[in-house]
Amino acid sequence: MITNQRRKYSLGLAGEFFVAAELQRRGITASITYGNAKKADVVALSVSGSVAVVLEVKTTSELTWVVGGTIPDKSQQLWVFVHLPKDDQKPPRYFILTDENLHDILMPVHQTYLDGYRKKHDCEFTGACVFKLPIEKAMPFEGKWKRIIERVSSN
């Protein structure tokens with residue numbers, strides 16, 4: 001029997017392989033990194049090898065991705081959000097965002113939550129958060145492989 005943890009691990013690894021395959025398909029050398037304390041999920045390389053683009057990959061079969069416990073600072077770090085439909089006859093979908101895009105999507109929702117909490121409890125929220133990206137917020141970024149290709153080809 002497959003445990004829930006094993007299923008999550010397999011789904012995440014499948015997403016990373018799909019991203020690497022899509023980059024290879026577009027002529028970009030890509031490598032998956034392994035381990036539990038890794039700093040990158042996939043690394044895309046220029047033809048000369050002089051440019052490496054680090055990609056964070058998040059995969060789900062639901063309609064929401066778990067981003068993590070913090071909202072990313074505004075930067076140009078790239079993320080690839082992979083949606084693997086539960087029906088394995090349907091193709092994966094890819095959404096390519098930057099930290100800045102994520103920040104701009106997640107911060108207003110979080111601020112609304114903080115304001116509501118303050119109003120209801122008359123104090124600031126100090127607990128832990130889990131930030132999630134709903135697929136409808138990622139839609140404008142679907143299939144934006146050009147964002148990665150331009151970075152890899154910039155040198």
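## Largest pocket

The lining of the largest pocket comprises 8 nonpolar, 10 polar and 10 charged residues; Ala, Val, Leu, Ile, Met, Phe, Trp, Tyr, Cys and Pro count as nonpolar, Asp, Glu, Lys and Arg as charged, and the others, Gly among them, as polar.

The model is predicted: local features need pLDDT of at least 70, side-chain atom pairs count only at pLDDT 80 or more, and totals for chains, interfaces and linings use all residues. Residues are numbered from 1 along each chain as its sequence is written, and side-chain values use heavy atoms, without hydrogens and water.

With 9 residues, α1 provides the largest share of this lining; helices (H or I, at least four residues) and strands (E, at least two) are DSSP runs, numbered from the N terminus.

## Nonpolar cores

The largest nonpolar core contains 21 residues, including V19, L55 and W145. Such a core joins buried Ala, Val, Leu, Ile, Met, Phe, Trp, Tyr and Cys residues through side-chain atoms within 4.5 Å, buried meaning under 20% relative accessible area (1.4 Å probe, protein chains only). Apart from this core lies another, of 15 residues, among them I71 and F141.

## W79

Strand β5 contains W79, which is buried at a relative accessible area of 9%. The C-alpha atoms of W79 and K38 lie 15 Å apart.

Conventions. Buried means under 20% relative accessible area, exposed over 50%, partly exposed in between (1.4 Å probe, protein chains only).
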